[in-house]
Amino acid sequence: MFYLITGGSGSGKSAYAEEMICRSPFKRRVYVAAMEVYDEEGRRKVRRHQKLRQGKGFLTLERPRKIPGVLEGVGEKEERAVLLECMSNLAANELFAGGKMQDWQETFARLKEAVCYLKEESGLLVVVTGQVFSDGVDYGPETNAYIRLLGAINCFMAEQADGAAEIVCGIPLMLKKPFGAGEK
């Protein structure tokens, strides 16, 4: 199963995704952390997320880019529930690898490959992503490329996902339910 969790900054999407993993029957909980830390604000965010995960049995793998292969040696795929936190960071890391903007199409292909790899190698995959496209502001070419890339990979993931939710003020709004879920 594959679930996509989206929402704005501070919406509660990470806590919701962690809860999904913790409620699942899977024995091995893997947290793939994609954030590259550059400053004190980033360090505070990482510490906050680490504190929230404490005692939940997650194995944390720090992987800011190049996701395929990250799960090698981490149990059997049928046992794994994997949380990728978060696509917004992974997309930025891949697009601006080496300090310069990479080709948009090649970056999109790498991100699709990463999602497909994690989906194939997990009993349950939950991906957290952000929403950065609703303010209507026209940015410079680098930021516009990032927004376009994140929008494209989010659409790809939503299409591939068995279920999707947007978290607003800590409340999940179901965007896509698995077939038959909640049907009467």
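This short talk describes the strand pairing and the salt bridges of one predicted model.

Because the model is predicted, local features need pLDDT of at least 70 and side-chain atom pairs count only at pLDDT 80 or more, while totals for chains, interfaces and linings use all residues. Residues are numbered from 1 along each chain as its sequence is written, and side-chain values use heavy atoms, with hydrogens and water left out.

I begin with the strands. Helices (H or I, at least four residues) and strands (E, at least two) are DSSP runs, numbered from the N terminus; two strands pair if DSSP finds at least two bridges between them. Strand 1 (residues 2-7) runs parallel to strand 6 (residues 163-168), joined by five bridges, and leucine 4 has alanine 164 as its bridge partner. Strand 6 also pairs with strand 7 (residues 171-176), here in the antiparallel sense, with glutamate 166 opposite leucine 173. These two strands form a hairpin with two residues between them, and cysteine 169 in the turn has a positive phi of about 55°.

I turn now to salt bridges, meaning a side-chain nitrogen of Lys or Arg within 4 Å of a carboxyl oxygen of Asp or Glu. The whole structure holds eight. In one of them, arginine 110 meets glutamate 94, with the closest N and O atoms 2.9 Å apart. Arginine 110 lies in helix 4 (residues 104-120) and glutamate 94 in helix 3 (residues 87-95).

Which of these two residues is buried, and which is partly exposed? Buried means under 20% relative accessible area, exposed over 50%, and partly exposed in between (1.4 Å probe, protein chains only). Glutamate 94, at 6%, is therefore buried, whereas arginine 110, at 29%, is partly exposed.
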